[in-house]
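Dear colleague,

Please find below the structure that I am handing over to you. A short account of the findings follows it.

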Amino acid sequence: MPRSVFAIFGRTFLVALYLVCFLPEAIPFETDSAETNSNKPFPAETLKERVQRVAQTYIQSQSMVGVSIAVIDGDVSATVHQGRTSEIGPPPNDATLYEIGSISKVFTGILLADAVKRGQIRLDQDASELLPTGVTMPRWQDRPITVLDVATHRSGLPRLANNMPSLHTANPYGDYTSALAYEFLNSHSLRRAPGAKYEYSNLAFGLLGHGIGRKAGIEYDKLLQQRLTNPLGMPDTRVVLNPAQTAKLATPYDTQKQPTSNWDFADMPGAGGIRSSIVDMLQFAKMHLQVPQNEIGAAIELAWQKHHVGKNGDSSMGLGWHLMGDNSTRSHNGQTGGYHSIILIDRKTQSAVVVLANTATDAVDALAIELLEMIRQN
């Protein structure tokens, strides 16, 4: 009898998914959905048909307005869409765009790895060196915050800064600029030594993406496209959308399934500002299972590596990636005001699941786990 995903991943999986939601307050991860036999395949049922059958239960339960799913099972892959892009709009398709929230941190981790491989940044470097003269990351006695501390959520910086002007609005990051972040850093004192404890920080990752762009002499979004998404064949994965792409963006719905605002990220989008399509994210997952033998592949491999071993129930980390308890699967999810997303990639079984939804609900996580378990039981 195959072991369930929960048995394989253990408590680390639940802790990681609980912590990585992108809202200012973490959203609990739900695992107690109604029991069904939806995982059991029918004779000669294709992978796509099996995924459709599972996804339908989530739409029918009104957990989400619309959802796009990508799955990989060895050499076979498929995309599936359910629901609608808005209450009166058409169904989503491969071209529909979503905010991917904190999955952006995985892209930032790979951009960091690329900068390391090119000799622009060192992981043991003082993170202050990525910032302008006169801006200083806080220190603990003689211990600076290193770039690796930031990339593994062990900087000691808080989840959010205390000087966000629009924190309690429908677009909380839209006017939080690097200038305001610099002001916070220059006045903030750490509560513990960097590296001592896992503490998920949107602030730190936003600064990391900003600093990587400064070192490259180019803004984050352009660097993302130049070094990563364009070479990988992901034309709709970016921060700023052109008019044609904006027209493909699914309408966002909040936790109560009410229309809400899109989120913006001023000049620090590396923590959660990327938009993407399911076909682009399928390509992204494929490139992690069959890594290209080039500069991008080298960066993907460096980011994939375990860079910090979790202790006392916290998460082991790559550069941006959370490692699951099986040490094979990498994961990240994300949530903005009207979207939820998750990516799971398991190299051992050559399987992956990506789910993008235009509803801010953690039912997306439960759906992704159910699908990965279904693939493993095949």
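**Surroundings of Ser276**

Apart from its neighbours within four places in sequence, Ser276 is in contact (heavy atoms within 4.5 Å) with Thr96, Leu97, Tyr98, Ile100, Asp236, Thr237, Met281 and Leu356. The model is predicted: local features need pLDDT of at least 70, side-chain atom pairs count only at pLDDT 80 or more, and totals for chains, interfaces and linings use all residues. Residues are numbered from 1 along each chain as its sequence is written, and side-chain values use heavy atoms, with hydrogens and water left out.

Ser276 lies in strand β4, residues 275-277; strands (E, at least two residues) and helices (H or I, at least four) are DSSP runs numbered from the N terminus. Ser276 has a relative accessible area of 0% and is therefore buried (under 20%, with a 1.4 Å probe and protein chains only). Its side chain makes a polar contact of 2.7 Å with that of Thr237 (N or O atoms within 3.5 Å, one able to donate a hydrogen and the other to accept it; residues adjacent in sequence count only if both atoms are side-chain atoms).

**Helix α2**

The buried residues of α2 include Leu47, Val51, Val54 and Ile59. Among the elements that cover the buried residues of α2 are β1 (66-73), β2 (76-83) and α11 (363-376). Just after α2, Gln62 adopts a positive phi of about 65°.

**The chain as a whole**

The protein chain contains eleven helices and nine strands. Of its 378 residues, 60% are buried.

Methods
Buried means under 20% relative accessible area, exposed over 50%, partly exposed in between (1.4 Å probe, protein chains only).
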